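Please read this briefing with the sequence and the 3D view side by side. It is written for a reader who is new to this structure and goes through it topic by topic.

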Amino acid sequence: MSLQLDTLAYTNRLRKLPPEHKLIFALTTLAIALATHPLVQILIAIWMAVWTIVYAKIPAGIYFRLLLFTIVFCLTSLPALMMNGVSIHDLPKVQLDALYGLTFGQFYIYVSHHGSLQAWSIFTRALASVSCLYFLMLTVPFTEILQTLRYLRFPVLLTDLLLLMYRFIFILLNTTNEIWTAQNSRGGYRTWHSWMKSLAILIGQLLQRTLQAYSQFSLGLEARGFVGEFKVWHPRRYHPQNRYIIEAVCGCIGLIGLEFWRNAGIFIRI
């Protein structure tokens with residue numbers, strides 16, 4: 001999956017746009033998503049899906065599969081915000097906030113109206129934020145992101161650490177896949193006992209092989225005369241398109257205007 005995502009970042013239809021434009025656009029929409037109400041956040045999620053699927057031609061199946069990870073994570077964590085419990089003697093204090101509840105002995109467990117609103121707000125904010133990051137991840141190669149950060153005068157140490165982390169993610173995934181395939185071909189996951197034993201062996205071998213890969217990587221850098229900074233080459237063959245620039249600017253202004261209009265309407269009613 002990670003290798004496929006990296007391939008899509010190099011082959012999408014927005015590949016020729018300047019990476020700094022896409023980076024600024026993604027970070028701007030992310031900032032708007034973090035500061036607005038759920039309606040604007042839902043519009044951002046839909047808009048970023050249009051940019052990613054329609055404009056960049058990223059396969060819809062891959063994009064929605066990535067979004068599914070976020071949705072499942074939220075659905076497993078947000079119920080804790082929606083559920084609440086009080087003593088049966090404090091029931092009159094929470095009747096206005098309780099949408100539905102059940103009595104268990106001396107306790108009353110209920111679905112909180114305030115908690116449900118808070119959970120919905122967190123869910124839409126997470127969905128909009130992840131949509132912005134997925135757009136950046138699927139349309140801009142990681143090396144170009146690093147190059148843009150260096151152009152913006154980010155510390156060299158930070159960009160080098162990001163490059164090393166990115167490199168070792170692929171090493172980690174490749175090593176995991178090799179060990180899992182070898183174990184699975186030998187029936188290592190047939191029963192619960194063998195599954196747990198194989199998983200423990202996989203974790204131990206993964207740590208050992210990752211350290212070996214790191215040692216080989218370090219020796220390779222020293223053999224090539226590494227002087228403390230990674231040099232990443234890429235050609236500046238980008239072609240800005242006014243159509244995308246105008247749509248991005250007008251869309252962001254429209255989202256900010258919608259948020260101000262909503263806040264102004266609430267203020268007038270108050």
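Predicted model: local features only at pLDDT ≥ 70, side-chain atom pairs only at ≥ 80, totals over all residues.

Residues are numbered from 1 along each chain as its sequence is written, and side-chain values use heavy atoms, with hydrogens and water left out.

**Domains**

- The protein chain is divided into domain 1 (1-140 + 237-256) and domain 2 (154-225), with bounds that come from an automatic or database domain assignment.
- The centres of domain 1 and domain 2, taken over C-alpha atoms, are separated by 31 Å.

**Salt bridges**

- A search of the whole structure finds 2 salt bridges, a salt bridge being a side-chain nitrogen of Lys or Arg within 4 Å of a carboxyl oxygen of Asp or Glu.
- One of them joins the side chains of Glu144 and Arg15 at 2.5 Å, N to O, and this pair links distant parts of the chain, 129 residues apart, with Glu144 in helix α8 (residues 142-151) and Arg15 in the loop between α1 (2-11) and α2; helices (H or I, at least four residues) and strands (E, at least two) are DSSP runs, numbered from the N terminus.
- Glu144 is buried because its relative accessible area is 3%, and Arg15 also counts as buried, at 18% relative accessibility; here buried means under 20% relative accessible area, exposed over 50%, and partly exposed in between (1.4 Å probe, protein chains only).
- In another salt bridge the side chains of Arg243 and Glu247 meet at 4.0 Å, N to O, and both residues lie in helix α11 (residues 242-269), 4 residues apart, which is about one turn of the helix.
- Arg243 is partly exposed, with a relative accessible area of 46%, and Glu247 counts as partly exposed at 22% relative accessibility.

**Two buried threonines**

- Thr124 is placed in helix α7 (residues 113-139) and counts as buried because its relative accessibility is 2%.
- The side chains of Thr124 and Gln41 are joined by a polar contact of 2.6 Å, where a polar contact is a pair of N or O atoms within 3.5 Å; within protein, one must be able to donate a hydrogen and the other to accept it, and residues adjacent in sequence count only if both atoms are side-chain atoms.
- Not counting residues up to four places away in sequence, Thr124 touches Pro38, Gln41 and Ile42, contact meaning heavy atoms within 4.5 Å.
- Thr159 lies in helix α9 (residues 156-185) and counts as buried, at 0% relative accessibility.
- With residues up to four places away in sequence again not counted, Thr159 touches Leu146, Leu149, Arg150 and Phe154.

**Around His21**

- His21 lies in helix α2 (residues 19-35) and is partly exposed, with a relative accessible area of 35%.
- Although His21 and Tyr244 are 223 residues apart along the chain, their C-alpha atoms are separated by 9.7 Å.
- Leaving aside neighbours within four places in sequence, His21 is in contact with Pro240 and Ile245.

**A nonpolar surface patch**

- Met83, Leu99, Tyr100, Leu102, Phe104, Phe107 and Ile109 form a nonpolar patch on the surface, together having about 730 Å² of accessible area.
- The elements that give two or more residues to the nonpolar patch are β2 (98-104) and β3 (107-112); the largest share, 4 residues, comes from β2, while Phe107 lies in strand β3.
- Patches are made of residues with over 30% relative accessible area and no salt bridge, like charges being joined within 9 Å and nonpolar side chains (Val, Leu, Ile, Met, Phe, Trp, Tyr) within 5 Å, and accessible areas come from the Shrake-Rupley method with a 1.4 Å probe, for which, in the case of residues, only the protein chains shown count as cover.

**Positive phi values**

- Most residues other than glycine have a negative phi, and most peptide bonds are trans.
- Lys57 has a positive phi, near 60°, and is not a glycine; Lys57 lies in the loop between α3 (38-55) and α4 (60-77) and is partly exposed, with a relative accessible area of 48%.
- Arg153, which is not a glycine, has a positive phi of about 70°; Arg153 is placed in the loop between α8 and α9 and is exposed, with a relative accessible area of 74%.
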